[in-house]
Amino acid sequence: MENSLKRLILQLSKREKEYFLKYKNLNKYSSPLCFLEIYDYIDNKGNINTEELMKVLGKKNFNKKLSSGKEKLLDKILLSLVNYNFESTYSWAIQKDILMIRVLIEKGLIEKAHKKINQSKKYAYKYEEFELLLNIIILEESLCFKHCYIQNYTKFIELQEERKKVIDLLNNMNSLLTLKAELQNFQLKENYYSSDIKSFINEYVNNPLYSDSNIKSKKAQSLCYYIKMFFFFIQHDYNGGFLNMQKYYEFYHSCPEFFSLEEYLQLLNNF
């Protein structure tokens, strides 16, 4: 616990620390206050020295206060980071909307809930956040019932069909993600550089030559470019692999919002 808390605090960016200080100030009159003192101590000293911290917290019930203070501090930092991230990406913003929709439904503000649902679904489709889209559909399905009795059967059936389409999009991505994992695992084998595409298929069954006609989303297209790179490399077709990476790089510039920082760095590393 102590090591993870220390690592978390020391890894906070300047903006994340500033955001946490808002929470710190909001809780400065709450009890117990020791979690704030523990944060200040780690932030300033870079470590926890129990003897020095005892002077701050007092000897009475020190171990109990230290243990509960660290637990509360971890919760407060994580909560502040969640709220901080709500404004950082579309994915986090949609998750925030989902929580708001749940509150609106529980408070009986159904009209507002529907408005928020429509807005959130629009962004979830636009940025291909299909897992979150399923969560929104589930909430929307719940509004087809009232006191556990169906009120809008037609809408419920429509949502069932929409759910199937979203699951199909997810399955399409997951099949490509599995293929990517298999290729990366194959890459680690000792005989990789002397292997060919047949040896891969014999071991993993799946054929990495994935047809573009089976691609159902931009995120799936990104995975497909990565898989094709391996396909060319396994066949020692380095020119074909380079041309594919050029297309992949152009694809990134056409829709950078679909790439995480790690995916972008991976793309540059392979280019």
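Author: Welcome! Before we look at how helices pack, one idea: a helix axis is a line fitted to C-alpha atoms, and the angle between two axes runs from 0 to 180 degrees between their N-to-C directions. Keep in mind too that this is a predicted model.

Reader: Thanks! How should I read a pair of packed helices, and at what angle do α3 and α4 cross?

Author: In general, two packed helices are described by the angle between their axes and the distance between the axes. Here, helix α3 (residues 34-45) and helix α4 (residues 50-57) have axes that cross at roughly 140 degrees and come within 11 Å. Angles over 145 count as roughly antiparallel and those from 65 to 115 as roughly perpendicular, so α3 is oblique to α4. On the α3 side, the contact is made by C34, E37, I38, Y41 and K45. Their partners on α4 are E52, L53, V56 and L57.

Reader: Is the crossing of α3 and α4 left-handed or right-handed?

Author: Right-handed: that is how α3 passes α4.

Reader: What angle do α4 and the helix α5 make?

Author: The axes of α4 and helix α5 (residues 62-85) cross at roughly 95 degrees and come within 11 Å. That makes α4 roughly perpendicular to α5. Look for T50, L53, M54 and L57 of α4 meeting F62, K65 and L66 of α5.

Reader: And what about α9 and α11: which angle and distance describe their packing?

Author: Helix α9 (residues 153-187) packs against helix α11 (residues 218-234) at about 30 degrees, with the axes 9 Å apart. Angles under 35 degrees count as roughly parallel, so α9 is roughly parallel to α11. From α9, the contact draws on N172, M173, L176, L177, L179, K180, L183, Q184, F186 and Q187. From α11, the residues are K219, A220, L223, Y226, I227, F230 and I234. The crossing of these two helices, α9 and α11, is left-handed.

Reader: Now a single helix. How far apart are the end C-alpha atoms of α12?

Author: The end C-alpha atoms of α12 (residues 238-254) are 24 Å apart. At 1.5 Å a residue, its 17 residues should span 24 Å, which agrees.

Reader: Which residues of α12 are buried?

Author: Buried means under 20% relative accessible area. In α12, that applies to G240, G241, N244, M245, Y248, F251 and Y252. They cover an arc of only 135 degrees around the axis, which puts them on the same side of α12. The face turned away from that buried side carries the exposed residues N239, E250 and S254.

Reader: How do I read individual residues? Is I42 buried or exposed?

Author: Start with where the residue sits, then ask what surrounds it. I42 is in helix α3 and is buried, at a relative accessible area of 0%. Beyond its neighbours within four places in sequence, I42 is in contact with L5, K6, I9, L10, N47 and I48. For a sense of scale, I42 and Q235 are 193 residues apart along the chain, and their C-alpha atoms are separated by 53 Å.

Reader: What does F130 touch?

Author: F130 lies in helix α8 and counts as buried at 3% relative accessibility. Setting aside neighbours within four places in sequence, F130 is in contact with V166, L169, L170, M173 and S217. F130 and D168 are 38 residues apart in sequence, with 9.9 Å between their C-alpha atoms.

Reader: Where is L99?

Author: L99 belongs to helix α6 (residues 90-106). At 45% relative accessibility, L99 counts as partly exposed. From L99 to K219 is 120 residues in sequence and 25 Å in space, C-alpha to C-alpha.

Reader: Where do E128 and H147 sit?

Author: E128 is in the loop between α7 (110-126) and α8 (130-142), and H147 is in the loop between β1 (145-146) and β2 (149-150). E128 is buried, with a relative accessible area of 10%, whereas H147 is exposed, at 68%.

Notes
Residues numbered from 1 in each chain as written. Predicted model: local features only at pLDDT ≥ 70, side-chain atom pairs only at ≥ 80, totals over all residues. Heavy atoms only, no water. Helix = DSSP H or I, 4+ residues; strand = E, 2+ residues; numbered from the N terminus. Expected span 1.5 Å × (residues − 1). Buried < 20%, exposed > 50% of the residue type's maximum accessible area, 1.4 Å probe, protein only. Arc of directions from axis to C-beta. Left-handed = near helix turned anticlockwise from the far one by under 90°. Contact = heavy atoms within 4.5 Å.
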